[in-house]
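Here's a quick briefing on a couple of secondary-structure elements and what surrounds them. Have the structure open while you read.

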Amino acid sequence: MYGHRGVVGETSKAARSRSRGVRSARSNTPDRTGGRTRAGTRRRARHVTGVQGDAANLDDLDRLYDTVKREKGSLDVLRASAGGGEPAPLGEITEAQFDTWFGLNARGTLFTVQKALPLLNDGGSILMTGSNASLGAFPGWSVYAGSKAVQQAWARVWLNELKDRRIRVSVLTPGQVATAKQAELFDEATKRQFESLIPRGQMGRPDEIATAALFLASDDSSYVNGMELVADGGTTAL
């Protein structure tokens, strides 16, 4: 999902309501349905600064981190959360689709993390947002799944490269989560179809994903590193 009304935006709002005093940043996703995401461009709280941008645009990432450096000086936590996709079965995948979604989901995530390194404090935490599509075998979603699957490999390699700075790297992989954006996109039949795949028969809530994100970002997970935490209600375990 895209923007401030999708999974990342909704869970970020829930997480902000529970956390105070932690310097954090997250990469954003352009609204590819028209215009660009304005998540946070209107100040929602005194401790939030919004920077409009596209995580696939390296100039926008530079502008984001220039703002962080100017206003906060450094980071304790980075959440690289850009993501999007569209269905296309093998045999019908276009070059443009591949470039668009690998450009945002894979390339955008890598440079979001790399450009943040000078600002990340030693002992900090990097949290990437994955997708359970990379764990399942959902027809038509191979480009999206592949563009998200790279994160598990990156987490393992990067924790080794960053171990001298004691920076932890993890992946949070959510399943279907009920959001305002999803309500716009899914009719009742589609919603029931997705919920039939979840053992409890009900989609996740933003606060449930926020709880998992805060765990990985905080010192509560100080002995957790290089792991993928799947929060999809058991969908991909069946």
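A quick definition first: the expected span of a helix is 1.5 Å times one less than its number of residues. Keep in mind that this is a predicted model.

**Helix 2: length and ends**
- Helix 2 covers residues 58-71, so to speak a run of 14 residues, and its first and last C-alpha atoms are 20 Å apart, close to the expected 20 Å.
- Just past the helix, G73 adopts a positive phi of about 90 degrees.

- The buried residues in helix 2 are D60, L61, L64, Y65, T67 and V68.
- Looking down the axis, those buried residues of helix 2 stay within an arc of 150 degrees, so they line one face.

**Strand 4: burial**
- In strand 4 (residues 168-174), 7 of the 7 residues are buried, so the rest of the structure largely encloses this strand.
- Both of its faces are covered, with R168, S170, L172 and P174 buried on one side and V169, V171 and T173 buried on the other.

**Strand 4: neighbours**
- Strand 3 (residues 120-129) pairs with strand 4 in the parallel sense over 5 bridges, and L127 sits opposite S170.
- Strand 5 (residues 228-231) also pairs with strand 4 in the parallel sense, over 4 bridges, with A231 as the bridge partner of P174.

Methods: Residues are numbered from 1 along each chain as its sequence is written. This is a predicted model: local features need pLDDT of at least 70, side-chain atom pairs count only at pLDDT 80 or more; totals for chains, interfaces and linings use all residues. Side-chain values use heavy atoms; hydrogens and water are left out. Helices (H or I, at least four residues) and strands (E, at least two) are DSSP runs, numbered from the N terminus. Buried means under 20% relative accessible area, exposed over 50%, partly exposed in between (1.4 Å probe, protein chains only). The arc is that of the directions from the helix axis to the C-beta atoms. Two strands pair if DSSP finds at least two bridges between them.
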